[in-house]
Protein chains: 2
Amino acid sequence: MNLLMKKIKEDGEVLSDSVLKVDSFLNHQIDPELMSEIGKEFARRFQDEGITKILTIESSGIAPSVMTGLQLNVPVIFARKRKSLTLINELYSSTVYSFTKQESNEISVSKKFINDDDCVLIIDDFLANGQAAIGLAEIVKKSKAKIAGIGIVIEKGFQEGGKNLREQGFRVESLARISSLNNGEVSFY
Amino acid sequence: MNLLMKKIKEDGEVLSDSVLKVDSFLNHQIDPELMSEIGKEFARRFQDEGITKILTIESSGIAPSVMTGLQLNVPVIFARKRKSLTLINELYSSTVYSFTKQESNEISVSKKFINDDDCVLIIDDFLANGQAAIGLAEIVKKSKAKIAGIGIVIEKGFQEGGKNLREQGFRVESLARISSLNNGEVSFY
């Protein structure tokens, strides 16, 4: 997606060979017009999959997911990172390890919002090691719903997540796929 | 806003005389079409204020804010609930007490995203005791930007937050203003 790659080139900050900061348009400050275009692109790529729900994770997955949901005319569910202990029997949960933050988070979704006849599109802002996407996929599997695919805004293609998910048979659609952040420069596949 | 009040009546769950659960369209599962209409309504109400930025708080404020930002063609910033300790000099912070969760959260925004020539619209999903809105307003004040007003999706008008904010001189626009949740029934002003 050219508009997104241009934005990453112009406004992304390469902090190291593995860290790209995009807090000026995706992770902290959000560019709504760009999110709208991202929503249209995800919708175009997955329009024939019979999607009934979008599943993402708080917080940075919400904006691109809601714009995609608007295009596909389906609800968006965001997994929460802290579960309400009183509701434990009513939740699908999984554990997600963040290499960036070096901590594990339990993520959870209320059982009432995903059913076995749903066809779910998983969306997230970043794909690096794939832990968040795997955790979301585990939640969908527990609900016995179908997984239509995984939509990623920015994939760090030089890390293992995308490869692992594709080997597991998931359709992964990344709108910007980075091949390298070496020497302070963003390169795409 | 009639569409929102209808949705609250139909899909909101009154858990007690003070607790309304709207996790089927706002707080956990999100209705993108409703968020789009909410965005249009906030934009209509604040269109003459010269707004340059929208400020909200993760996670449930993001969807209505991004839809409003799309209409007003301005960026959205979401305050984070945990601050990155390494960046403390680069953040505007304030402390927000949640009566629901009975805990305090430090919220913060990167200084680079709000300047003294900005005119900021604060948006949040709920207004009850007003702690989140006050915390967001404190952050804007620290940046010396102007506060255009506060847009709230659902105000619990029987609690003190809205009254306090209006007495402080803020323009508060609530799209649904609840007068009572007594006897399991939602009533609006």
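Ser59(B) lies in the loop between β4 (53-57) and α3 of chain B, where helices (H or I, at least four residues) and strands (E, at least two) are DSSP runs numbered from the N terminus. The structure is a predicted model, in which local features need pLDDT of at least 70, side-chain atom pairs count only at pLDDT 80 or more, and totals for chains, interfaces and linings use all residues. Residues are numbered from 1 along each chain as its sequence is written, chains are lettered from A and ligands numbered from 1 in the order in which they are written, and side-chain values use heavy atoms, with hydrogens and water left out.

The peptide bond that leads from Glu58(B) into Ser59(B) is cis, with omega near -5°. In chain A, the bond from Glu58(A) to Ser59(A) is likewise cis, and its omega is near -5°. Ser59(A) is placed in the loop between β4 (53-57) and α3 of chain A.

A further backbone feature occurs at Lys144 of each chain. Lys144(A), although not a glycine, has a positive phi of about 65°. This residue sits in the loop between α4 and β9 (146-156) of chain A. With a relative accessible area of 64%, Lys144(A) is exposed; the classes are buried (under 20% relative accessible area), exposed (over 50%) and partly exposed (in between), for a 1.4 Å probe and protein chains only. For Lys144(B), phi is near 65°, again positive in a residue other than glycine. Lys144(B) belongs to the loop between α4 (131-143) and β9 (146-156) of chain B, and its relative accessible area of 64% makes it exposed.

Helix α3 takes part in a contact across the two chains. Helix α3 (residues 62-72) of chain A packs against helix α3 (residues 62-72) of chain B at an angle of about 70°, and the axes are 9 Å apart. Axes here are lines fitted to C-alpha atoms, for helices over the stretch in contact, and angles run from 0 to 180 degrees between N-to-C directions. The two helices are therefore roughly perpendicular to each other (65 to 115 degrees; under 35 is roughly parallel, over 145 roughly antiparallel, and the rest oblique). The crossing of α3(A) and α3(B) is right-handed, that is, the near helix is turned clockwise from the far one by less than a right angle, anticlockwise being left-handed. On the α3(A) side, Ile62(A), Ala63(A), Val66(A), Met67(A) and Leu70(A) meet Ile62(B), Ala63(B), Val66(B), Met67(B) and Leu70(B) of α3(B), contact being heavy atoms within 4.5 Å. The residues of this contact comprise ten nonpolar, no polar and no charged; Ala, Val, Leu, Ile, Met, Phe, Trp, Tyr, Cys and Pro count as nonpolar, Asp, Glu, Lys and Arg as charged, and the others, Gly among them, as polar.

Thr68(A) is also part of helix α3 of chain A. Its relative accessible area is 0%, so Thr68(A) is buried. Leaving aside neighbours within four places in sequence, Thr68(A) contacts Ile38(A), Gly39(A), Phe42(A), Ala43(A), Ile54(A), Leu121(A) and Ile123(A).

Within chain A, helix α1 (residues 2-11) and helix α2 (residues 32-46) pack at an angle of about 140°, with axes 10 Å apart. The crossing of α1(A) and α2(A) is left-handed. Leu3(A), Leu4(A) and Lys7(A) from α1(A) meet Leu34(A), Glu37(A) and Ile38(A) from α2(A). This contact of α1(A) with α2(A) divides into four nonpolar, no polar and two charged residues.

The UniProt record, an unreviewed entry, applies the annotation "binding site" to Ala128(A), Asn129(A), Gly130(A), Gln131(A) and Ala132(A); such annotations may be inferred rather than shown by experiment, positions follow the numbering used here, and feature names are shortened. Ala128(A) is located in the loop between β8 (119-127) and α4 (131-143) of chain A and, at 17% relative accessibility, counts as buried. Outside four places in sequence, Ala128(A) is in contact with Lys156(A), Gln159(A), Glu160(A), Gly161(A) and Gly162(A). Asn129(A), in the loop between β8 and α4 of chain A, counts as partly exposed at 24% relative accessibility.

The unreviewed UniProt entry also lists Leu20(A), Asn27(A) and Lys156(A) under "binding site". Asn27(A) occupies the loop between β2 (20-21) and β3 (29-30) of chain A and is buried, with a relative accessible area of 16%. Neighbours within four places aside, the contacts of Asn27(A) include Phe78(B) and Arg80(B). Lys156(A) lies in strand β9 of chain A and counts as buried at 11% relative accessibility.
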